[in-house]
Amino acid sequence: MTREPSVLVVGAGPTGLTLACTLRRFGVDCRVVDRREGLGDEPKALVLWSGALEALRRTGVADEAVGRALALTGASYWSRGRRIGGIGFGDLPGTAFPGPVCLPQPVLERLLLDRLEQLGGSVQWRTEAVGVEITADGARVELGHGDGEREQVEVPWVVGADGTRSRVRESLGIPYEGSTYPRVFLLGDGRLRGPAPAREAQYHLHPDGVLVLVPLPDGGHRVFFDLPDGPTGTDATEGAPDVELLQGLLDTRGPGGLTLTETWWTSRFRVHARLAREFRRGPVFLAGDAAHCHSPAGGQGLNTGVQDGYDLGWKLASVVRGADQQLLDSYPAERRPASAAAVRSADQQTRLWMLRAPLARALRDGVMRRLLRTALPRRRIVPQLAQLHLDHSGSTAVVDLPDAAPPPAVRLGRRMPDTELVAADGSAAGTLHGYLARGRHVVLAVGGRAAAHAVERVVPLLVGRGVSDVVDVLWLRPSGSLIERPFGGGFDVRDEGPPAALSGGKRSWLVYVRPDGVVGARAGTEQVDGLVALLPRRAAPVKTG
């Protein structure tokens, strides 16, 4: 029996690697195991939306990921060979990632693994969790190694990020609730000759089924189809489809003139819409596909998993370092509703694809045609897909303290608004989101003299609470203010000029921003003691002894 790092991460896909990188960035070691021989080469998921990219930015891989990706400019919808309408991407406000990008999953996994190794971590391949048992002190996990050896480990915390067939979830008997679509799905990644879309995704809604065309970063394309399930040569057990089958479907459902000249990956599979009944059972957590699986519609699965990994990562790191364990209650409270919404959104889109009755199809086409002529898709649908503006206002990990009076734009449990920052000496121009992208806990004081005095009190109190290595203090002072800078005390204290949206009139106020950029607490400047007392329960005191 061995007892090693505090956290055992089962699964080294995008979710598990994001989690492991986040733990390591906060100084928490973990053991990562995966049943595979090594990183896979199957492209699988493709699309990264803004919410996931912001999480990856805090992890330290977003810039390289975007540099190797293809920016998607929009999506168009077709029926009966005619274009119904489209949605434009790329203009989401208040984010460094205003639109989605296409990046095959193996590329992202390689970037995350490289980052993990830079941070001193590694993955133990050919090792899987055979069984998990909850104990009085944590969990006992039986690991099976590729050479046939078995190992018993005891750890305080376990994360099952081991996919839809999660051994962690199954060994605990957690129901994986939902359904399987009565269709078989075929896809192929390869090269198309003809008028293929260069930067937009296309959805061709044919009476026999859907055709999805997605451009890839290397100039290739993904083609995606659905077929009826049953004993007619379309059963999912028959193996990957060949080029002839894919070309025939492309000819039938496509716009015409497209030839699939080669493929480097094809697959035949079923699609599920499922959600684990529990995301946490005691010391064991589920994340990514182990907790939820989606239709590929909208590209939500990869994005939801990456955000699972980051959210659980910073919270587990805080608790391992000594923060209140109640912080972990907020993981299922926040991530399960977000995952349920993503599963529901993908399911709704998929059911629109699968309409077969002529009257239903005509009604769908008419509604979509009218809807796509309005601004509603950009205002509502795209932000929903981006998963940027999640509502955590009901979470146990957010709180308003007395005398909190921030402006309306600063909403509890919601993403902190962005603003341009200009240092008092005229240098270091940037944005608040750029500052928060470091993924640290931040106490933000906004206003004039009262805010400056609050910072003077905050800094020594935080030092005394033992959170000096994970908390920053940022003072946003009124433009043109002559108030001197408060005491720095080893923290990154900067004085900036806030815009009207954050100025709150003449009042000064305080806000705690979590590592995920969410407003975790709001307070008046007289509530310094209350805010600082809250932080060790959120921000992980430095462990001693």
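# Briefing on a predicted chain

D365 is found in helix 9, which covers residues 358–371. The model is predicted. The chain holds 14 helices and 30 strands. Its radius of gyration is 25 Å, close to the 24 Å that the globule rule gives for 545 residues, so the chain is as compact as a globular protein of that length.

**Overall build**

- The C-alpha trace of the chain spans about 75 × 60 × 35 Å along its principal axes.
- Of the 545 residues in the chain, 58% are buried.
- Contacts between residues at least 6 apart in sequence were sorted by separation, and 73% of them join residues at least 24 apart.

- D365 has a relative accessible area of 6%. Buried means under 20%, so D365 is buried.
- Leaving aside residues up to four places away in sequence, D365 touches S79 and I84.

- G11 sits in the loop between strand 1 (7–10) and helix 1.
- The relative accessibility of G11 is 5%, and G11 counts as buried.
- G11 and A386 lie 375 residues apart in sequence. In space, their C-alpha atoms are 25 Å apart.

**Helix 1 against helix 7**

- Helix 1 spans residues 14–25, and helix 7 spans residues 301–320.
- The two helices pack with their axes 7 Å apart.
- Their packing angle is about 30°. Angles under 35 degrees count as roughly parallel, and helix 1 and helix 7 are therefore roughly parallel to each other.
- Helix 1 passes helix 7 in a right-handed crossing.
- On the helix 1 side, the contact is made by P14, T15, T18, L19, T22 and L23.

How values were computed
Residues are numbered from 1 along each chain as its sequence is written. This is a predicted model: local features need pLDDT of at least 70, side-chain atom pairs count only at pLDDT 80 or more; totals for chains, interfaces and linings use all residues. Side-chain values use heavy atoms; hydrogens and water are left out. Axes are lines fitted to C-alpha atoms, for helices over the stretch in contact, and angles run from 0 to 180 degrees between N-to-C directions. Helices (H or I, at least four residues) and strands (E, at least two) are DSSP runs, numbered from the N terminus. Angles under 35 degrees count as roughly parallel, over 145 as roughly antiparallel, 65 to 115 as roughly perpendicular and the rest as oblique. A crossing is left-handed if the near helix is turned anticlockwise from the far one by less than a right angle, and right-handed if clockwise. Contact means heavy atoms within 4.5 Å. The radius of gyration is taken over C-alpha atoms; the globule rule is 2.2 Å times the number of residues to the power 0.38. Buried means under 20% relative accessible area, exposed over 50%, partly exposed in between (1.4 Å probe, protein chains only).
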